[in-house]
Amino acid sequence: MPAADSSEPNRPARKGPPKRDSRLDAKSPAGGKSPPARVPPPREAPRAASEDPPLEVSEATRSPKPDRRKLVLIAGGVGLFVLLAVIGWAVFSGGRPADGSSGPAVAQGAGGEKPAEDPGAGDELQAPQRSLKCRINTPEPGFVAFVDEQPVRDAEGKIVPTPCEVTIAAGRHVIRVGKKGWNDIPRVVDVTEAMDFDQEPTYEPFAEASTTFAAPYLEAPVGKPIPLEKLQFSGRCQDPFVSANGREIWYAGSGPEGMGIYYATRGTAYDEWEAPSLLLLSRGADLPASPSATTDGLLVGYTVPGKVGRVWGLSRTSEEGAFDNKKPLFYAERGEPEWPSAQLSADGKRLYWLENRDGKLTSWTAARYELEVEFNKPKKFPLPGGHPCLSADELRQYVFDGKQLQRARRAKLTDSFSEPQVIAEPNLADYVPHPERRQFWVTDDEQWLYYAEDPATSGKLFVVRLHAGPGRGVLVVGRALKPQKIETEKTEEQKKPDLAMKPDPDEPKTPVVDPRSLPTPYAAFQQQLAALITKRDIPAAAKLLADQQNKPELQPFKELLKWDADEVAALQTFWAAVEKAASSYKVDEPIRIGGSGFTFEKFENGVFKLKAKTKQVERKLREMTPGDLLVQADKIISKTDPKGQLAIGIFLHFEGKAQAATMKARLDRTEGAGDEFREHLAVRRLKIIEQELARENLGMALQQIDELAAAFPNSPSTTQAEQHRAKIYSYVKWEERGSREWKPSAEDSSYTIPFQKLPGSMLVSSTSYDSFNLSLEWKTISPTGQGGVYFRYPGQGKGLDTAFKVHLANDAGVLPDKFCTGSLFNYYAPTVNAAKPGGQWNTLAIQVRGEQTLVTINGKKVVEVLAIDAAVPKQGFVALDGEFGGIVYRKILLVEGVNTPSK
């Protein structure tokens, strides 16, 4: 790393823009501007995603925003999944042109262009063009390797363990590995030649799984329907729509929260779905149909069969926010036709729908130039199968009759579709096509078919695998390799025989585990107890509680254990009431479960035996929805019974956030016992926080303080937790280097550094890191005040020669370059200079995961890059720069590998 000129500061503050250094134009997202005073010697800079020329992609296939369920850091602030969408277009479409006009691409009707005889020919599964053979290594053999979220398989379709050789196309890819008990960090790589990738996952046996190694769909058999249990209700579920990345699902449902559009997510395309939630603005008296969403998930469209033709749109401003706006996207201008189904394009600029006018079915399309304007005049557009079921690029339309899945294609958006061709034959006996329901969805890689059973009977959701891997696109093929031992030249001392007992070379090595990554004794017990209660296995929860009462490590928590025992007893009361109510029905007495009507036959062994109109059905009591269970409990427990209402409230607490409003109503009937229960929940969290602080696990403590404050904002326990937060900065230990005196303020733990050049002045962390989060506040107090944060510093030598640095300076208003505030100094310019004027406090957050570096200043993400340099170690210390001064640091928090605190 080039050394700074000792005769001047790292970079003086400037009043105006510098002269342009044209050599940086091709690499810097901000134009590559640099100061004219000096140009550092050339040196390998971190690889950044923005350094490659962009692929030409049509508006129809571009993905505007990434999914933020996985942290994959790439350069220039460009979201990973935008890149994957671009790469996916390039390889999946085989480079075929798509309509890239700036205006709306309105498809032609029957009188439009004649479709090509074989549009999109050759777009099925294929080997990569310009392929390269690369090796993926792991700390120990047996990991599953993933390239762009596709597991590496051999020629026979079997998953290949690491170490392995994989054949992939040249270009940018995401490489990661998965194995039970390990957390992995995805790596964005540019493959230009045959390369070795040494993946470095972290051994965390008790952490939540962050890979798809144990995901239920990774090895799902082809052709076998899998019920989507977590998405099911006792009522109907219809018309699934799955995002192109396979991580979001929307569907119409009649669930415990009402009828409307339900939404669920998952970590990867092979994971189980999380519990669904209702989009509240979609709730109504009629079951909606055919939801679809834009790629960024900010706009959802759907229809309501049986009503006058209209496509409703729900919108929100961020992926984490709630849908807060509802309005018609398009509606029938004349007559009273019905629109059974519709679909939005991935960018929200085109709309397709099926119209039913007096029994005559016609498909239509409309387009618009921008999302903020209305759609243009609609045009008739023949869609094979009628119901829109188009791929993300809109070049494929699917038709499914329960036996054969067919695909029609076109080469560009202005073409008509070809005749459908059979691409799979799942032959699903329980699937019955319905004129008013789309009922099925095909994933963008044609690997999975989601569907709903006959809506007239059950309407349950299923998924069936069509192929062992992607049915369309580029296949990732690999082969297993034998682990290799790296031999190094031994010194004379090392060549001497070692008479000590040597370990068995075949004995597996046990990775060193940081004890702070393990839960504290009471936290571990709480996790086990909550898991059993959530599964509704109350007898097992009671047994666990009895077994743990006398454990020595839990003796300091006797009062908390008593509260646990009281709550388990309350749950026993609740379930006893439910079973008593279930046993009280008489034969042929009407009973409603899940919104459906039945007649009662008998209840035995926890199972209702019921009679429907045409058949007998069974409903397990322990699998019924909270709403149905409350109906039973209310037959036995009076509204004026405080203990009984407390038992119901405790049951609803363990059923999850969806029951929060109902839980509050029940706890409010308990004459103060409900408030005591709530505070017991808060106190438990506070005690666990104090345990984390006692063992200096600061990142986890802060995360739990945030969770406590969000769940119990007015609790005395939250007040105590916030007092702990205020003192958190005093826990961070630093070592002074150089001749400067670092005197922290007792009031706010701030360090005020006068403007005086003292070379080598740094405040160095007591621990080295390869992954960390740092947050602080800073302000400059002189016209040329500056400083910054070094990371991966080896512990000796000049910071600029041996480490990376995030630069901070009094340069508000200066155009962004490789030397301004927020830059990865001398390597990479920020997307924006987010510094405030001198004298004002700024916030800085740095998140490092190995090579992946994310910098945020004043809430703006300014750098997202792979920090790679052979001269900088992969692990090192974090240090505050105090060489030039004129800067104040405060509220400095440095933690290892956990989420950045929100405060």
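Guide: Strand 27 (residues 448-452) and strand 28 (residues 461-465) run antiparallel and are joined by five bridges. Strands here are DSSP runs of E with at least two residues, and helices are runs of H or I with at least four, both numbered from the N terminus. Two strands pair if DSSP finds at least two bridges between them. In general, strands of a sheet pair through backbone hydrogen bonds, either parallel or antiparallel. Within this pair, L449 stands opposite V464 of strand 28.

The two strands belong to an open sheet of four, in the order 10-28-27-26, with antiparallel pairing. Its edge strands, strand 10 (226-227) and strand 26 (440-442), each pair on one side only.

Salt bridges are a separate topic. The term means a side-chain nitrogen of Lys or Arg within 4 Å of a carboxyl oxygen of Asp or Glu. One network of such bridges links R396, R407, D444 and E446. The structure holds 32 salt bridges, among them one between K609 and E618 at 2.8 Å, N to O.

The model is predicted: local features need pLDDT of at least 70, side-chain atom pairs count only at pLDDT 80 or more, and totals for chains, interfaces and linings use all residues. Residues are numbered from 1 along each chain as its sequence is written, and side-chain values use heavy atoms, with hydrogens and water left out.
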